[in-house]
Amino acid sequence: MVNPNRTERISAEVDDAVRDLAEELGIEVEVITSLGGPPAIESDADVAASVGPMIEIASGHKADAYVVACFSDPGIGEMRAKLEAPVFGIAESAVLAAMSRGRSVGVISAVEEAIPRHDRYWDRIGVATRVVGDVATGRGVLDLESEEAYEDVLDAGEQLADSGADVLVLGCTGMTHLRARLQDDLGLPVVEPCQAAVTFAAAALRDASP
C-alpha cells in the first residue's frame with residue numbers, strides 16, 4: 001500500500017486500519033510513504049504532484065498487488081500501465097464494496113474542493129448513478145483527530161442519511177479510525193476504503209494462485 005502523501009501519521013493510520021484484516025485474509029501488507037509527495041492531498045494540484053513520486057517509490061517495492069491509499073485514486077491508470085501486478089484504488093474499491101451493501105451510496109469527504117474531483121471520477125468509472133451525495137466535513141486530511149472533527153464527520157453522515165443514503169463511504173484516509181464508531185452511531189453500514197481495497201487485492205491474489 002502506497003500513501004501518496006508524505007505524512008507518516010497517515011501511513012500509520014492506514015496500517016492500523018488494515019493490519020488485522022490482512023491477517024484474517026492471510027496476506028502480508030506493507031504500507032510505504034511517498035516522501036516526495038505533498039503533505040496532504042486535497043487539491044487537484046496536490047493530486048498531480050503526488051503521481052510521479054508515488055510511482056517511483058512503488059516501482060522500487062516489488063509486490064504481488066498494489067493499493068494506492070488516497071481517496072482521489074491518483075495515478076491509478078499510470079500505475080496499472082507501468083506495473084505488472086494488479087493495482088487497486090481505495091475510492092474505486094470502496095464504492096464497489098458499498099454498492100454490494102446498499103443501493104444508495106453517500107460519501108463523506110474532507111474538504112469541499114475534493115467533491116468536484118470525486119464527481120468526475122464517479123462518472124469516469126461508471127458509478128455516478130449510485131452515489132446520491134458527497135458531503136464535506138470542512139476539515140483537511142490532517143485535521144480529523146479531535147472529538148470536534150468526529151462531530152463534523154457524524155453531521156456529514158447524518159446529512160447523507162437524510163438524503164437517502166443507505167451505506168456510507170469514508171472519503172479520506174484521515175478518517176480510517178472513525179469507521180466502527182460512526183457505524184454504531186448512525187446505524188448504517190460504513191465502508192472504510194483501505195479495508196475495501198485490501199479485500200479486493202487479496203481476492204486477486206487468490207485468483208492468481210495456481
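## Packing of helix 4 against helix 5

In this predicted model, the axes of helix 4 (residues 90-99) and helix 5 (residues 114-125) cross at roughly 65 degrees and come within 11 Å. Helix 4 is therefore roughly perpendicular to helix 5 (65 to 115 degrees). Axes are lines fitted to C-alpha atoms over the stretch in contact, with angles from 0 to 180 degrees between N-to-C directions; helices are DSSP runs of H or I with at least four residues, and strands are E runs of at least two.

The crossing is right-handed, the near helix being turned clockwise from the far one by less than a right angle. Helix 4 contributes Ala91, Glu92 and Val95 to the contact, and helix 5 contributes Tyr121, Trp122 and Ile125 (contact: heavy atoms within 4.5 Å).

## Trp122 and the nonpolar core

The largest nonpolar core has 59 residues, of which Met1, Ile108, Trp122 and Leu182 touch the most other members. Such a core joins buried (under 20% relative accessible area) Ala, Val, Leu, Ile, Met, Phe, Trp, Tyr and Cys residues through side-chain atoms within 4.5 Å.

Beyond four places in sequence, the residues that Trp122 touches include Phe71, Val107, Val131 and Asp134.

## Ala128

Ala128 lies in the loop between helix 5 and strand 6 (131-136). With a relative accessible area of 27%, Ala128 is partly exposed (between 20% and 50%, 1.4 Å probe, protein chains only). Outside four places in sequence, Ala128 contacts Trp122 and Asp123.

## Basis of the values

Residues are numbered from 1 along each chain, and side-chain values use heavy atoms, without hydrogens and water. Local features need pLDDT of at least 70 and side-chain atom pairs pLDDT 80 or more, whereas totals for chains, interfaces and linings use all residues.

Key
Parallel < 35°, antiparallel > 145°, perpendicular 65-115°, else oblique.
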